[in-house]
Amino acid sequence: MDLKNKVAKNALWIIGCRIAQSVFQLVINMFTARYLGPSNYGLISYAASIVAFLTPLMSIGISNILVNEIIKNPKKEGETLGTTLTLTFLSSLLCVGGMAAFVSIANAGETETLIVCVLYSIILIFQSLEIIQYWFQAKYLAKYTSIVSLSAYIIVSAYKIILLISGKSVYWFAVSNAFDFCLIAIALLVIYKIV
């Protein structure tokens, strides 16, 4: 199979997965917003916006060069990937701590806001481990990451539906977002060891 076909198939897997996830996300978020109400859904959105700000800081720009490094130096791919995972993991811990400090100061005395933000920020830890997806992209194996991501998203969507039906608090919804990234990170690490 020539390079153009590999790139095209890789892109189709990634795009197809993103479209499917967007559809699930729209439906689940609509029901979640209705259930949680403006106040609690606002807390989740507040936490999400801070995490969105911290995500590029957490990845410290490594993701932009990782694929290129793996392609240029295939003999050092294990070392490159290990170093990247370590750096992003440590960076994620610092970002979670920084978020907790920021929210404690910016929202002094608002314990619920602090708890929701810290629970939501656990996403950063699992996102740091998800950096392994770039190895799959460098090897034109995006099919695996797409299937894993979509499967994890379906599982988490079902979990959120259970949370809605059972009437759980906003804390459960804050953690549920990290659950998605946790499943993806674990599955990709397992597949990386197998492949």
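How do α4 and α7 run relative to each other, roughly parallel or roughly antiparallel? They are roughly parallel, where that label covers angles under 35 degrees and roughly antiparallel covers those over 145. A friendly note before you dig in: this is a predicted model, in which local features need pLDDT of at least 70, side-chain atom pairs count only at pLDDT 80 or more, and totals for chains, interfaces and linings use all residues. Residues are numbered from 1 along each chain as its sequence is written, and side-chain values use heavy atoms, leaving out hydrogens and water.

**The α4 and α7 pair**
- The axes of helix α4 (residues 111-129) and helix α7 (residues 170-194) cross at roughly 5 degrees and come within 8 Å.
- Among the residues making this contact (heavy atoms within 4.5 Å) are I115, L119 and F126 of α4, together with Y171, A174 and F181 of α7.

**Around T84**
- T84 sits in helix α3 (residues 77-106).
- With a relative accessible area of 4%, T84 is buried (under 20%; exposed is over 50%, and partly exposed lies in between, using a 1.4 Å probe and protein chains only).
- Beyond its neighbours within four places in sequence, T84 touches I62, L66 and I131.
- I132 is 48 residues away from T84 along the chain, yet their C-alpha atoms are 8.9 Å apart.

**A nonpolar patch on the surface**
- I15, I19, V23, L26, V27, M30 and F31 make up this patch and share about 660 Å² of accessible area.
- I15 belongs to helix α1 (residues 3-59) and is partly exposed, at a relative accessible area of 47%.
- Patch members have over 30% relative accessible area and no salt bridge, with nonpolar side chains joined within 5 Å and like charges within 9 Å; a salt bridge puts a Lys or Arg side-chain nitrogen within 4 Å of an Asp or Glu carboxyl oxygen.

Technical notes
Accessible areas come from the Shrake-Rupley method with a 1.4 Å probe; for residues, only the protein chains shown count as cover. Helices (H or I, at least four residues) and strands (E, at least two) are DSSP runs, numbered from the N terminus. Axes are lines fitted to C-alpha atoms, for helices over the stretch in contact, and angles run from 0 to 180 degrees between N-to-C directions. Angles under 35 degrees count as roughly parallel, over 145 as roughly antiparallel, 65 to 115 as roughly perpendicular and the rest as oblique.
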